[in-house]
Amino acid sequence: MSIRVLLCEYPQRSIALVTPSNALIFRNNPPGHDPVTNDSHTSFQSLPRRSSTDSTGPSRCMVEFLDLASANLSDFRTLSPLPVHGTLGLITINNDIFISVVTNCHKVAVVRPGETVERIQGVEFYCLNSSDYDHVFSDGLDPYSTENQDYGQNLNHRESLLEHPCTELKKMLGNGSFYYSTDFDLTNRLQDRSGETSAFDIDNLDESFLWNSYMISPLVKFRSRLVEHERRALDNSRILTSAIRGFVLTITIPSSSAPLRTTRTGLPSTLTLISRLSCRRAGTRFNSRGIDDDGNVANSVESETIYWSPSAEPSDPTTNERPASVCFSYAQIRGSVPVFWEQAAGLIPGQQKITITRSAEGTQPAFDKHFGELEQAYGAVHIINLLSETKPGEAELTNLYRYATRHCPLNQPGEEGGQGRELLRETEYDFHAETKGPNGYEAAMMIRRLIEHSADGFAYYLSEDIEDPADDSLGKAHRRTVVLLQQEGVFRTNCLDCLDRTNLIQTIISQMAVESFLSHRGVSAASDFWMRHSTLWADNGDALSRIYAGTGALKSSFTRHGKMSLAGAIADARKSATRLYINNFTDKARQNTIDMLLGRLVGQAPVHLFDPINDYVMAELAKRSAEYQSSETINIWCGSFNLNGQTTGIDQDLSSWLCPDVGPSQQQPEIVAVGFQEIVELSPQQIMNSDPTRKQAWERAVKKTLNKHARSAGSDHYVLLRSGQLVGAALCIFVKASVLRKIKNVEGSVKKTGMSGMAGNKGAVAIRMDYANTHISFVTAHLAAGFSNYEERNRDYATIHHGLRFQRNRGIDNHDTVIWMGDFNYRIGLGREKVIDLIKMGDLETLYENDQLNLQMVAGLTFPYYSESRITFSPTYKYDLGTDNFDSSEKARIPAWTDRILRKGTNLRQINYNTAPLRFSDHRPVYATFQCTVSIIDEDLRESLSREIYERRRIGLGNPGLNSGSDDSSDDDLIDYDPIEPGLPPASSDRRKWWLDNGQPARSTISPPQPGFVPNPNRPSNPFTPTDEPDWVTVPRAQASQNKINTTFAPPPPNPRPSTNGTRILPPPFNPATQSIQALTRNLSQSSIKSHSPSNTDRRRSTSTTNSSSKKAPPPVARKPVHLTSTPSPNASPIIPRSSQPPPQPPRPTAGVNTGFPPPPRRATTAASTRKDNSTPPPPPSQPRRPKAAPTRGLEDDDESEKPGLPPRRPTDLLAGDGEELGLSGWVALKPN
């Protein structure tokens, strides 16, 4: 699908990737560039923009995914005249954000029909926040138009003033070593991918092999936040691209040369090789060696051989199911020696010195981590070490490698003679010594006999595409994938560089696996087929060598033709000389480019990408889940049968087990899960081989029985959904054809526990699925045998529980419903005769009280949180074949319930639990029926609801789009801020403030608890400061009639600065007839001044009310107040204590003029500093004189010899400069007691 690249430069630079149906739009949003407005009409956004290199925060941009019909692209113009093929993501270089797109590609592989792989041959980087790198623009040029279009016109060529910072990245990404696919997940091997060939789940990408992980991860996170219909639309647009590095190629095999002949169809088969180079410890030859502390090794490559062929097998006559195709896959890995070592590049071939940089003990933790991850991903690991035993440096590496292998936890002997773990094997094969003879490299074929035992045990992956008959309601056939076999181990090959010797040996291993697959099907391949196979691997070796060493692989002539020629030897010498130059002079620059691509340079920050509207939609959908979510009850039948390697029962009637006589509601269940153990005889020859032939025969027998009863009941027929096998253990899941559309994400996994994890005679097979929106997992297991080995059985359970993993590293517990079935081998802890007597008496309770599984579960030592229904049947083991008699052989085994079914899940209800009378094995089969409540989400209703929420949110925000054209929009306005507590306003942004209501200051609605209460002015201004002060206080008023000790107060003058509604009232004018300057001076000498209380309130208070202000008083003005020299005030404003009225004082002699404090100086301030006082206080009585012997709170003795104190917190005297004029010179501030 072609994609256009469009650009909009105003109001904010934006780049759009546009498909015929959708648009993905990026908008630059540098940190610290959010618009903040105040009362002025100027916002920060109207100021000049900062340079992109000035920012120190992480680069970020906003993204929006729109339907093309709703996107306004009128302001956009074409940035690239040619269509692109997807984006590799975003990268930040020098604080500039670049969008990487694929501009040229070539199809190189078709793995299976509908799964294509493209090789990247050209990329381009477009800068999002700067126009400095826009070299070519196209105005009015439509790439899709074929009329009147001249690509030589309307192009604005500008000389590049700056070197493009992505030049080296463009060269590396376009050198032909990168591949991508928009059809399927290219980062995972076939076994780890979904069975649906058309499914491309970008969430399941393996980041170990995803080379654009650093660039694409912001877009992947953005995709995960989209609603379902938008996520599906984004996937269908093919905009997001996942790229691997390595080698991919498909060779078509004509039907005449194909080993699996398909004369009926005549279609060709394909042979594909995919090599994925890990990016965890990526680098060039001498810059990346050995292992790191995270367990990652250099030049780590996973190579997968895939053979696909149309199937020639006939249809099943009972169900008309026809095998459509068969697919084989085999994976192996290579990697540097997993110890800490370095090697310096030198100009003399073969003289580059190897240096061990860490001791053996210091290497062990990283070594264990490396192989622990390999065991988790692949199973058992067989090491093939090709290093020389005679070269000192390679021999030293081999000794350290051998030491770490023997001390690895995967290769530990058991305690007290018990079985240990042998998940790690090692084969040391000196390649140069073995191939030095006359046979040359042909002698390397001798390695087959050293590894064939492990090769048989590891098996391979095999699947078939089954074409079901057409359904009348659908009108078309349904094709599904059935997994027949899984690979259960891996070979890890290494030499020094893991290039030349390694590639030759891996070619041999791949050939062994294909031969094993063909032999199981009774066919063989011709020499023409093997020649194509060798050519594929030779091309693979050259490609990987060019990436790591700079040239093609050595010895590729032998790999390609099977013999070494003179021309091949000369070519190898030329390649060696070229490697010397590249390794010494160009590798450092290549390493820097690799680190830049992977985001590992110092100071390189990822791009922060967000879409707040979709985040809001997802949160709202979660709150309203009850509107689109419902439930449904389905029936599940589960059964387990240890076949003891018998095949006689295949032709017997299995109805008593598969279709028992249960209630009508339990008949014809939607899901049938059948677990087998010992499906083949567990002989030493069989325990390492997983031949699927026996399993397939039992699958046909089970399906035949199920469909026979389904037809008689007039129900839908059953189809095999998926099966899995681990040597003797097998699990088959059958479902009704009518419920196939409700099932998705079917996956399988196996876990070995036999012979210390190397053999599959013991272990588990698991299959999981999503039925509607409920995750269901089925596990069949065969645990360790032996009467007293219950602790080993507990360990087997723990190994399976923790080690068995599905895709996305999902474990067994990551499911809503889990059902275990199998031969768990737990015994009854009583003597044989006692057990048989209790069975005859029907005393099953006593037997169950001594059952090992029951006791271990009660003790919490195994199967925690699992439940088992009450057992009402006799022990299922061990019987004489064909009879109901317990074991009468020499071993005389004690009867036991070895075959069990356990469950876990709150949505699961067990209905039946019983056994069936099938006697051809020494075990009796067991079965259980369940009712399972599954969750169903109405996707259509959910999508409709999400669209409704999305549009409502968009309209509520005034339709703020990335291309809305508003030059003062803020990204913060799109974010939905919720209150942190109910009743509180939401958090503010730069443009939305909770204290503003429609542009007006918010008004308080708090009222006093009782009349007369006011806020306490003594409380700290910071509400979080600890204090004992109450929130509200009452302030008593001084009345003229109050006189507790028969003294009277002179009535205070009116407040010199009362105010009403913010209007300032000036003091009364000076009256020369009644007052004079001398009188004012004399009164000042007789007045007492009360010290100010330590608070931030105004120091002037009236006698009738106490006013407080939350604002600090402005600093005093130094100039002389005018009214003090012209109009002395007759007013005074004594301060009344908060909790009581002032005590009475003897009257002070005055000069006949009733004066108080002088009025405050008139300050040149605004109305913001005036006091609000809505009432005028009544005049108080004349000022009394206090006796010295009875000082009162807040007042000092004040006779003629005392000097009045001035209020604190005033940096200057209010009467500064006027002291001599008023006769106050020499006064000092009075300090309170």
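The model is predicted, so local features are given only at pLDDT of at least 70 and side-chain atom pairs only at pLDDT 80 or more, whereas totals for chains, interfaces and linings use all residues. Residues are numbered from 1 along each chain as its sequence is written, and side-chain values use heavy atoms, with hydrogens and water left out.

**Helices α4 and α5**
- Helix α4 (residues 360-378) packs against helix α5 (residues 392-406) at an angle of about 65°, their axes lying 9 Å apart (axes are lines fitted to C-alpha atoms over the stretch in contact, with angles from 0 to 180 degrees between N-to-C directions; helices are DSSP runs of H or I with at least four residues, and strands are runs of E with at least two).
- Ala 360, Glu 361, Gln 364, Phe 367 and Phe 371 of α4 meet Leu 400, Tyr 401, Tyr 403, Ala 404 and Thr 405 of α5, where contact means heavy atoms within 4.5 Å.

**Thr 780**
- Thr 780 belongs to strand β32 (residues 774-782) and counts as buried because its relative accessibility is 0% (buried means under 20% relative accessible area, exposed over 50% and partly exposed in between, with a 1.4 Å probe and protein chains only).
- The side chain of Thr 780 reaches the backbone oxygen of Met 821 at 3.2 Å.
- Beyond its neighbours within four places in sequence, Thr 780 contacts residues including Phe 676, Leu 731, Val 765 and Met 821.

**Helix α8**
- Of the 21 residues of α8, 18 are buried, so this helix is largely enclosed by the rest of the structure.
- Just after α8, Gly 522 adopts a positive phi of about 75°.

Technical notes: Polar contact = N/O pair within 3.5 Å; in protein donor to acceptor, adjacent residues only side chain to side chain.
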